[in-house]
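Reader: I would like to learn how to read a few features of a structure. Please take them one at a time, with the case at hand for each.

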Amino acid sequence: AVRGPKHVVKTGKTPMLEGTEWRKLLDSIPTETVRDLRDRALIATLTYSFARIGAALKTKVEDLRPRGSAWTIRLHEKGGKQHAMPCHHALAEMLHAYIAAAGIVEDRKGFLFRTSRGHRATVLSEQPMVQSNAWRMIRRRAAAAGINVSIGNHSFRATGITAYLANGGALEHAQEMAAHESPRTTKLYDRTKGRLTQDEVERIKL
């Protein structure tokens with residue numbers, strides 16, 4: 001697969017979105033066509049499951065599996081490894097809406113995220129999206145939403161991990177969910193340490 005250009009901010013860290021920016025991006029995507037629903041579902045998958053873009057694009061329809069009253073999504077990681085991630089309820093809703101609109105619920109061995117046949121928004125092919133497809137889609141959707149951050153495929157992994165940790169999530173759980181071998185790798189995605197507030201400064205009492 002041909003990779004899209006890699007945009008990196010001066011700090012060397014992957015550009016990411018704040019929660020309000022992420023919601024603005026998702027809300028800006030209409031739900032009128034199957035391609036719209038696919039794009040929303042892919043962005044949500046990358047964010048809520050901390051998925052690498054390569055793992056997400058290898059996902060098959062059958063990899064979305066029931067787990068009691070909830071769902072799991074099975075990701076195909078590097079080296080042939082598989083990683084089952086509990087599916088956030090918002091992600092499950094977007095995935096089911098997309099699958100139903102695409103009419104692929106019975107095509108369980110088929111790829112989940114597919115290209116649009118003939119660049120049409122209403123019909124999908126049987127071919128999977130590749131990373132360059134995803135990168136162009138993300139850049140197009142971000143521009144349409146008026147988001148100026150130079151985000152790419154990997155940005156949503158950083159966005160999801162940071163949001164999880166900022167809301168009190170444990171680093172060791174984030175490591176497991178992200179399928180990182182070392183917590184040091186997970187810490188690279190944690191941007192919460194740069195968010196000092198006035199309240200924190202006011203804790204200095206002399």
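Reader: Which residues does Tyr98 touch, leaving out those up to four places away in sequence?

Author: This is a predicted model. In it, Tyr98 touches Val34, Leu37, Arg38 and Ala41, and also Ile104, Leu112, Phe113, Arg114 and Leu124. Tyr98 is also among the residues with the most contacts inside the largest nonpolar core, along with Leu42, Leu95, Phe113 and Phe156.

Reader: How many residues does the largest nonpolar core have, and which helix gives the most to this core?

Author: The core has 44 residues. The top contributor is α2, with eight residues.

Reader: Is Phe50 buried or exposed?

Author: Phe50 has a relative accessible area of 4%, so it is buried, the cut-off being under 20%.

Reader: And salt bridges?

Author: The general idea is that side chains of opposite charge can pair when their charged atoms come close. Nine salt bridges are found in a search of the whole structure. One of them joins the side chains of Asp39 and Arg140, at 4.0 Å from N to O. Asp39 belongs to helix α2 and Arg140 to helix α5, so this pair ties together parts 101 residues apart in sequence. Asp39 is buried at 0% relative accessibility, whereas Arg140 is partly exposed at 44%.

Reader: Where do Glu62 and Lys109 lie?

Author: Both are in loops: Glu62 between α3 and β1 (64–67), Lys109 between α4 and β4 (114–116). Their side chains meet in a salt bridge of 3.2 Å, N to O. Glu62 is buried, with a relative accessible area of 15%, while Lys109 is exposed, with 62%.

Reader: Which residue forms a salt bridge with Asp63?

Author: Arg74 does, with the closest N and O atoms 2.6 Å apart. Asp63 is in the loop between α3 and β1 and Arg74 in strand β2, 11 residues apart. Both residues are buried.

Definitions and conventions. Residues numbered from 1 in each chain as written. Predicted model: local features only at pLDDT ≥ 70, side-chain atom pairs only at ≥ 80, totals over all residues. Heavy atoms only, no water. Core = buried A, V, L, I, M, F, W, Y, C linked by side-chain atoms within 4.5 Å. Buried < 20%, exposed > 50% of the residue type's maximum accessible area, 1.4 Å probe, protein only. Helix = DSSP H or I, 4+ residues; strand = E, 2+ residues; numbered from the N terminus. Contact = heavy atoms within 4.5 Å.
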